[in-house]
Amino acid sequence: MLFGGDPDKHRLALDLPRMFAACREALLADSRLTGGQLHTELLALGAASGWTTAGWHCGHLVGADPSAAVRDARPDAYICAVNDRPLRRTAEGGWQAHWILEIHLVDERRGFGGSYKRLLDLV
């Protein structure tokens with residue numbers, strides 16, 4: 001939810017779904033896209049728009065514990081820099097892997113940010 005007339009906050013509100021759409025298109029365009037590659041793509045999109053991307057990951061496998069501590073996290077269950085496995089794959093148990101993309105953008109100088117979280121591959 002957005003209140004007020006701050007143009008940067010309105011730009012953030014528009015950039016979040018735009019970046020989600022770009023990440024979704026990248027996933028649909030490349031069946032071998034890895035978690036690390038999509039993470040890098042989101043960082044580049046954020047930087048190109050003047051935002052800092054917060055957090056060590058930008059999403060997780062549906063069914064993975066999103067509150068897992070970093071030391072307990074399985075990299076292949078997260079959209080993160082060290083996930084070198086394709087996102088489009090068969091997961092443990094034989095089912096198709098599905099992903100939740102979590103975009104957290106911050107304007108560090110002005111002290112505000114926003115987030116956008118949706119199923120990445122079932123929309």
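## A walk from the cysteines to strand β4

There are zero disulfides in this structure, a disulfide being a pair of cysteine sulfur atoms within 2.5 Å. Select Cys-23 to start: Cys-23 is in no disulfide, and the nearest cysteine sulfur, on Cys-58, sits 6.5 Å away. Cys-80 is in no disulfide either, with the sulfur of Cys-58 the nearest cysteine sulfur at 8.4 Å. Colour by accessibility and Cys-23 shows up as buried at 0% relative accessibility, while Cys-80 is buried at 2%. Buried here means under 20% relative accessible area, exposed over 50%, and partly exposed in between (1.4 Å probe, protein chains only).

Before moving on, some housekeeping. You're looking at a predicted model, where local features need pLDDT of at least 70, side-chain atom pairs count only at pLDDT 80 or more, and totals for chains, interfaces and linings use all residues. Residues are numbered from 1 along each chain as its sequence is written, and side-chain values use heavy atoms, leaving out hydrogens and water.

Now zoom out and switch to cartoon. You'll get two helices and five strands, in the order α-α-β-β-β-β-β along the sequence. Helices (H or I, at least four residues) and strands (E, at least two) are DSSP runs, numbered from the N terminus. Of the chain's 123 residues, 40% count as buried.

Next, pick Thr-34, in the loop between α1 (7-29) and α2 (35-48). Thr-34 is buried, with a relative accessible area of 14%. Leaving aside residues up to four places away in sequence, Thr-34 touches Asn-83, Asp-84, Arg-85, Pro-86 and Leu-87; contact means heavy atoms within 4.5 Å.

Last stop: select 99-107, strand β4. Seven of its nine residues are buried, so β4 is largely enclosed by the rest of the structure.

- β1 (residues 52-53) runs antiparallel to β4, joined by two bridges; Thr-52 stands opposite Val-106.
- β2 (residues 57-61) is also antiparallel to β4, with three bridges; Leu-61 has Trp-99 as its bridge partner.
- β5 (residues 112-119) has eight bridges to β4, again antiparallel; look for Ile-103 opposite Tyr-116.

Finish at the hairpin formed by β4 and β5: four residues lie between them, and Gly-111 in the turn has a positive phi of about 75°.

Conventions: Two strands pair if DSSP finds at least two bridges between them.
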